[in-house]
Amino acid sequence: QVPLVESGGGLVQPGGSLRLSCEASGSIFKFYTMGWYRQAPGKQRDLVASITSGGSTNYADSVKGRFTISRDNAKNTVYLQMDSLKSEDTAVYYCNAPSSSRFKWGQGTQVTVSS
C-alpha cells in the first residue's frame, strides 16, 4: 500500500481557517479520486470532500461552501482549505482514496476549533 502523510492541523478559533495537506508516495496518486475524511471522538469516519483525477469535486452538506478540496498531481498532494470553521468541525482529519484500498491510512491530523 502507498503511504499517506497528513499535516496542517492545529487549534483555531471559531470562524478561523486552516489548510490541510496530504502527500502520497509515488506517481500513482494522479490516477485516483482522493478524499478527505474526518473522525470525531466516538463517531465514525466520514467522507467530507473528494476530488477526481480530473479535478471534479464533491462535498458533504455539512462543509459545502466552507471547505475547498484541491490537488497538485505534480506534488502528489491533496489539500483541504477550511474556512469559517465551527466547533463541530473538531476531529482528526485523514485522506485516502474512496474507491480503492491502494493507499494506506495515515495518522491523520488533529483539527480543534475552540475559543
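Student: How many helices and strands does the secondary structure of the protein come to?

Tutor: The model is predicted, and its secondary structure comes to zero helices and 10 strands. Read along the sequence, the pattern is β-β-β-β-β-β-β-β-β-β.

Student: What radius of gyration would a compact globule with 115 residues have, and what does the protein have?

Tutor: A compact globule with 115 residues would have a radius of gyration near 13 Å; the protein has 13 Å, so the two agree. Along the principal axes, the C-alpha atoms fill a box of roughly 40 × 25 × 20 Å. Buried residues make up 42% of the 115 residues. Of the contacts between residues at least 6 apart in sequence, 55% join residues at least 24 apart.

Student: Which strands form the open sheet, and in what order?

Tutor: Four strands form an open sheet in the order β1-β3-β8-β7, and the pairing is antiparallel. β1 (4–7) and β7 are the edge strands, each pairing on one side only. On average, neighbouring strands of this sheet are turned by 15° against each other, direction ignored.

Student: How many bridges join β7 to β8?

Tutor: Six bridges join these antiparallel strands, β7 and β8.

Student: Which residues have the most contacts inside the largest nonpolar core?

Tutor: The largest nonpolar core has 29 residues, and those with the most contacts inside it are W36, I69, V78, L80, M82, Y93 and F103. Two or more core residues come from each of β3, β4 (34–39), β5 (46–51), β7 (67–72), β8 (77–82), β9 and β10 (109–113). β3 gives the largest share, four residues.

Student: Which residues does Y93 touch, not counting residues up to four places away in sequence?

Tutor: With that exclusion, Y93 touches E6, L20, W36, Y37, R38, F67, L80, M82, G108, T109 and V111. Among them, W36, L80 and M82 are also listed with the most contacts inside the core.

Student: What is a disulfide, and which residues form a disulfide here?

Tutor: A disulfide is a covalent bond between the sulfur atoms of two cysteines. The structure holds one. C22 and C95 form this disulfide, with their sulfur atoms 1.6 Å apart. C22 lies in strand β3 (residues 18–24) and C95 in strand β9 (residues 91–96), so the pair ties together parts that are 73 residues apart in sequence.

Student: Are C22 and C95 buried or exposed?

Tutor: Both C22 and C95 are buried, which means that each has under 20% relative accessible area.

Methods: Residues are numbered from 1 along each chain as its sequence is written. This is a predicted model: local features need pLDDT of at least 70, side-chain atom pairs count only at pLDDT 80 or more; totals for chains, interfaces and linings use all residues. Side-chain values use heavy atoms; hydrogens and water are left out. A disulfide is a pair of cysteine sulfur atoms within 2.5 Å. Buried means under 20% relative accessible area, exposed over 50%, partly exposed in between (1.4 Å probe, protein chains only). A nonpolar core is a set of buried Ala, Val, Leu, Ile, Met, Phe, Trp, Tyr and Cys residues joined through side-chain atoms within 4.5 Å. Contact means heavy atoms within 4.5 Å. Two strands pair if DSSP finds at least two bridges between them. Axes are lines fitted to C-alpha atoms, for helices over the stretch in contact, and angles run from 0 to 180 degrees between N-to-C directions. The radius of gyration is taken over C-alpha atoms; the globule rule is 2.2 Å times the number of residues to the power 0.38.
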